[in-house]
Amino acid sequence: MITRHRSAAGALALLAALTAGLGTAGPAAADDEPAQPSPKVELVLDVSGSMRARDIDGKSRMAAAKQAFNEVLDATPDEVQLGIRTLGANYHGDDRKTGCKDTELLYPVAELDRSGRTEAKTAVATLAPTGWTPIGPTLLKAADDLKDDNKERSRRIVLISDGEDTCQPLDPCEVARKIAAEGIHLTIDTLGLVPDAKTRDQLSCIAEATGGTYTSVRHTDELSGRVKQLVDRAADPVAAPVATEGAAQCSDAPQLKSGVYTDREKFGEHRWYRVDIEPGQELRAAVSVGADRAVNRDYGVLLRASTEHGREIVRGSEAGDGRTDVISTGLRYPKPEDDGDDDSDGEPAAETVCLQVSNSFSAPASVKTTPGLPVELAVDLVDAPDEASDVASFGLGNGWWLLGTLILVGFLAGLVWGWVSRWRFAVWRTN
């Protein structure tokens with residue numbers, strides 16, 4: 001399976017859920033799971049000089065942003081910890097080095113009570129378009145604002161800007177990839193105010209690097225609605241994928257249970273993971289590799305299940321040769337109920353299956369290859385099929401039965417067509 005022209009996050013999560021048939025997203029846990037920690041959201045607002053432009057419903061971009069912030073602050077769910085950071089709000093001068101440090105935490109990340117909402121609105125009201133556009137440095141600071149010791153917490157940055165970063169060579173896209181590689185479950189969504197092509201490309205790149213979304217905005221109500229939607233999304237997130245690190249060989253691979261896992265894989269790399277399957281269970285696995293930067297044509301992804309001794313059980317693969325955001329594949333492997341393999345207690349022993357994830361991406365010479373490409377691996381263990389009519393029992397995970405069926409149908413169709421052709425020719429000669 002392959003999904004093109006979608007954001008990395010949306011495509012990765014949706015395909016993993018559909019292909020793996022997951023009942024719940026997230027790692028296997030006890031029946032009584034602890035409550036999810038409150039999500040953290042930081043709104044990052046560009047206050048550079050270009051925000052004075054009056055091209056959003058007859059008012060300035062800054063005025064539209066302030067109105068949107070007031071509406072969002074009123075509507076922020078109580079369980080969301082929200083903060084506000086600015087870029088380009090304080091320095092008026094022409095010194096680039098100083099201007100690229102101009103980022104400020106306007107309101108600290110915290111749950112909003114009535115006084116907190118009022119305080120945040122007051123702080124936003126004082127803003128006036130001023131200076132530079134240090135997007136890269138600001139994203140680094142914003143990521144630090146959201147960090148804590150809770151690895152399960154959902155984190156989101158909503159960046160609102162009307163122009164490109166002016167503090168190169170600290171590339172905002174590279175900064176976003178670095179943040180994503182830290183595995184802190186942080187998503188960056190970007191909104192471009194009346195963007196030109198270069199701004200749109202840069203903001204899209206930032207969002208794609210972390211599985212976020214990019215939105216072009218030209219009206220005040222669009223801005224308000226979209227920011228509120230993103231904050232609400234943080235308040236009701238799907239279970240966050242668990243960061244893991246595959247190994248170079250199966251014997252050293254991490255042990256996975258049912259759940260969704262994220263990793264980073266170098267260009268052309270192979271990574272291994274391990275899953276234990278009980279008799280009577282079926283393994284369903286899907287992997288998605290995101291192209292979060294420019295890549296060369298001709299690429300592919302392989303998901304391969306094998307025994308600990310290296311014998312291949314089943315595989316899934318997909319290839320492409322054009323522009324893509326995500327490429328994905330999956331597999332299914334049912335383990336029979338009674339295979340005669342018992343442990344010392346007389347109980348059927350679990351089988352360890354090695355999952356190999358490989359990619360054949362390559363990058364142009366001008367593109368950095370670190371950190372690696374984002375990988376999302378979905379694993380689910382369900383009851384194996386009871387009836388032989390189930391496609392998994394026939395081994396359709398390998399595709400051989402389907403191939404044989406197609407060959408047989410084609411052969412029969414050829415015989416029928418040949419007989420009809422001979423009959424028509426005979427009738428023509430007779431007449």
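Colleague: Let's start with one residue. Does D292 count as buried or exposed?

Modeller: D292 has 3% relative accessibility. Buried means under 20%, so D292 counts as buried. Keep in mind that this is a predicted model.

Colleague: D292 carries a carboxyl group. Which side chain does the D292 side chain meet in a salt bridge?

Modeller: That of R264. A salt bridge needs a Lys or Arg nitrogen within 4 Å of an Asp or Glu carboxyl oxygen. For D292 and R264, the N to O distance is 3.2 Å. D292 sits in the loop between β12 (281-290) and β13 (299-306), and R264 sits in strand β10 (residues 259-265), so the pair ties together parts 28 residues apart in sequence. R264 is buried too, with a relative accessible area of 13%.

Colleague: How many salt bridges does a search of the whole structure find?

Modeller: The search finds 23. One of them joins the side chains of E308 and R274, with N to O at 3.2 Å. This pair also links distant parts of the chain. E308 is in the loop between β13 and β14 (312-320), R274 is in strand β11 (residues 270-277), and they are 34 residues apart.

Colleague: Are E308 and R274 buried or exposed?

Modeller: Take them one by one. E308 is partly exposed, at 46% relative accessible area. R274 is buried, at 15%.

Colleague: Which residue forms a salt bridge with R315?

Modeller: E312 does, and the closest N and O atoms are 2.8 Å apart. R315 is partly exposed, with a relative accessible area of 40%. E312 is partly exposed as well, at 31%.

Colleague: Which residues are linked in a network of salt bridges?

Modeller: K40, D148, R153 and R155 form such a network.

Colleague: Now helices. How do I describe two packed helices?

Modeller: Use the angle between their axes and the distance between the axes.

Colleague: Which residues of α5 and α6 make the contact?

Modeller: From α5, they are I135, G136, L139, L140 and A143. From α6, they are P172, V175 and I179. Sort them by class and you get seven nonpolar, one polar and no charged.

Colleague: Next, α2 and α4. At roughly what angle do their axes cross?

Modeller: At roughly 175°, and the axes come within 10 Å. Here α2 covers residues 61-75 and α4 covers residues 114-125. An angle over 145 counts as roughly antiparallel, so α2 is roughly antiparallel to α4. On the α2 side the contact uses K66, F69, N70, L73, D74 and A75. On the α4 side it uses R117, A120, K121, V124 and A125. This contact has six nonpolar, one polar and four charged residues.

Colleague: One last residue. Where does D55 lie?

Modeller: D55 is in the loop between β2 (40-46) and α2. At 33% relative accessibility, D55 counts as partly exposed.

Colleague: Which residues does D55 touch, leaving out those up to four places away in sequence?

Modeller: D55 touches R61 and V194. Then look at R218. D55 and R218 are 163 residues apart along the chain, yet their C-alpha atoms are separated by 8.1 Å.

Technical notes. Residues are numbered from 1 along each chain as its sequence is written. This is a predicted model: local features need pLDDT of at least 70, side-chain atom pairs count only at pLDDT 80 or more; totals for chains, interfaces and linings use all residues. Side-chain values use heavy atoms; hydrogens and water are left out. Contact means heavy atoms within 4.5 Å. Helices (H or I, at least four residues) and strands (E, at least two) are DSSP runs, numbered from the N terminus. Ala, Val, Leu, Ile, Met, Phe, Trp, Tyr, Cys and Pro count as nonpolar, Asp, Glu, Lys and Arg as charged, and the others, Gly among them, as polar. Buried means under 20% relative accessible area, exposed over 50%, partly exposed in between (1.4 Å probe, protein chains only). Axes are lines fitted to C-alpha atoms, for helices over the stretch in contact, and angles run from 0 to 180 degrees between N-to-C directions. Angles under 35 degrees count as roughly parallel, over 145 as roughly antiparallel, 65 to 115 as roughly perpendicular and the rest as oblique.
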